[in-house]
Amino acid sequence: MPNRGGPKVLAIVLAGGEGKRLMPLTADRAKPAVPFGGIYRLIDFALSNLVNSNYLHIVVLTQYKSHSLDRHVTTTWRMSSLLGNYVTPVPAQQRVGKNWYLGSADAIYQSLNLIHDEKPDYVVVVGADHVYRMDFADMVDAHIASGAKASVAAIRQPISLADQFGVIDVDPQNPARIRAFLEKPTDPQGLPDSPDEVLASMGNYVFSTDALIEAVTRDADLKDSKHDMGGDIVPAFVERGEAFVYDFKDNEIPGAEDRDRGYWRDVGTIDSYFDAHMDLVSIHPIFNLYNDRWPIHTTSGMSLPPAKFVHGSHGRTGTAVDSIVSPGCIISGATVSHSMLSPNVVVRSFSDIDSSILLDGVKVGRSCIVRRAIIDKGVHLPEGTHIGLDHEQDRARGFTVTESGIVVVGKSTVITS
């Protein structure tokens, strides 16, 4: 959707990843459909950023275990057909052959009909599983001003963490131009204006339309390509001197404060997912869910009753401290601390939940103890269940336990003791 008098932009959200590192949360759902922050799904952050940027022609490319993701997008992200706006999930369709998507670049190649139909001037390509706020209109303006064929959004990271990211090496004479794209380098150069930092790719891109079509079409014929946007398409633009970097520090968001300005998290592992939630429930979180000038949109829980806290007798008081409690929850004579409760969670008397994430519809019986755990949707904890106290016992019951000691109970797991 063009701004008045501005360029015509199509947004493509890449939502087809398997999310293996988030297992078992992705055992039955696509990674972008994983719940986050109580009432949201991960994809809500990317879509909210695009909509808040006034880009209202959006296609979501899906593939693996996409049913819940498709349902969420179609029921939550309803745009005005009167104005010609849309958010549309598009599954892999084998339009150009008998293969499913071979990579993120191949997903776009197999979906070129969407670009041909829309005829945009520019294409914004974003991932679907990061937590952040970003005004993509500012990045598009910078892309146009630079004259680049491809622009890559990047966030500054300490040089000591460079081996965890795809790092963008810039030309010292022209710091906006990408000189090389380095995958998890061990000895990168620091930035010209900040030697102790590097620029890490955020997985968000802006392309001039003709250049993107040509690039993914050329890549489709390369037998040794992994058909990946970050691994193949961007380096090809870099080799031709046509790729520029967009520094995330220059992105201004209405309502942002110094504490959360520039926040971006890849929550692609259980530990990073858990840590991001623990930030949200902290007294002064870095990421501000309450910025109503750049809202994160969703409809989850809107038809549910408010959260309820009952029983006030000695030793049986329903309380929640340093926690986020979603609509439909009931805390009945139990204690919840440092935790995130998604909609319709019930915690019964004498139970104690600490530093944990309980997803939709979890039911906790009486006298349960849960520590540093993620309990997925629909799990029922029988009376007296202990989780997170004895990791050997947790593993014996089939739960996932990370090296850092986070216990994950998969969706609809039946717990008998």
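C329 is buried, at a relative accessible area of 1% (buried means under 20% relative accessible area, exposed over 50% and partly exposed in between, with a 1.4 Å probe and protein chains only). C368 is buried too, at 0%. This is a predicted model, where local features need pLDDT of at least 70 and side-chain atom pairs count only at pLDDT 80 or more, while totals for chains, interfaces and linings use all residues. Residues are numbered from 1 along each chain as its sequence is written, and side-chain values use heavy atoms, leaving out hydrogens and water.

So what about a disulfide? That's a covalent bond between the sulfur atoms of two cysteines, and here it is called when the two sulfur atoms lie within 2.5 Å. The closest cysteine sulfur to that of C329 sits in C368, but at 16 Å it's too far for a bond. Search the whole structure and you'll find zero disulfides.

## The nonpolar cores

Now for the cores: a nonpolar core is a set of buried Ala, Val, Leu, Ile, Met, Phe, Trp, Tyr and Cys residues joined through side-chain atoms within 4.5 Å. The largest one has 41 residues, and V13, I43, V124, M134 and F136 touch the most other members. Among the elements that give it two or more residues are β1 (9-15), β6 (122-127) and α5 (136-146). Helices (H or I, at least four residues) and strands (E, at least two) are DSSP runs, numbered from the N terminus. The top contributor is α1, with five residues.

Take a look at F136: leaving aside residues up to four places away in sequence, F136 touches N49, L50, S53, Y55, V124, V126 and N204 (contact means heavy atoms within 4.5 Å). There's also a second, separate core of 39 residues, which includes V125, V170, V216 and V234.

## A five-strand sheet

Five strands line up as β17-β20-β23-β26-β29 in an open sheet with parallel pairing; two strands pair if DSSP finds at least two bridges between them. At the edges are β17 (319-321) and β29 (386-387), each pairing on one side only.

Zoom in on β23 (residues 352-354) and β26 (residues 369-371): they run parallel and are joined by three bridges. D352 stands opposite I369 in β26.

## An exposed loop residue

E403 sits in the loop between β30 (400-401) and β31 (407-409). E403 counts as exposed because its relative accessibility is 89%. D271 is 132 residues from E403 in sequence, yet their C-alpha atoms are 9.0 Å apart in space.
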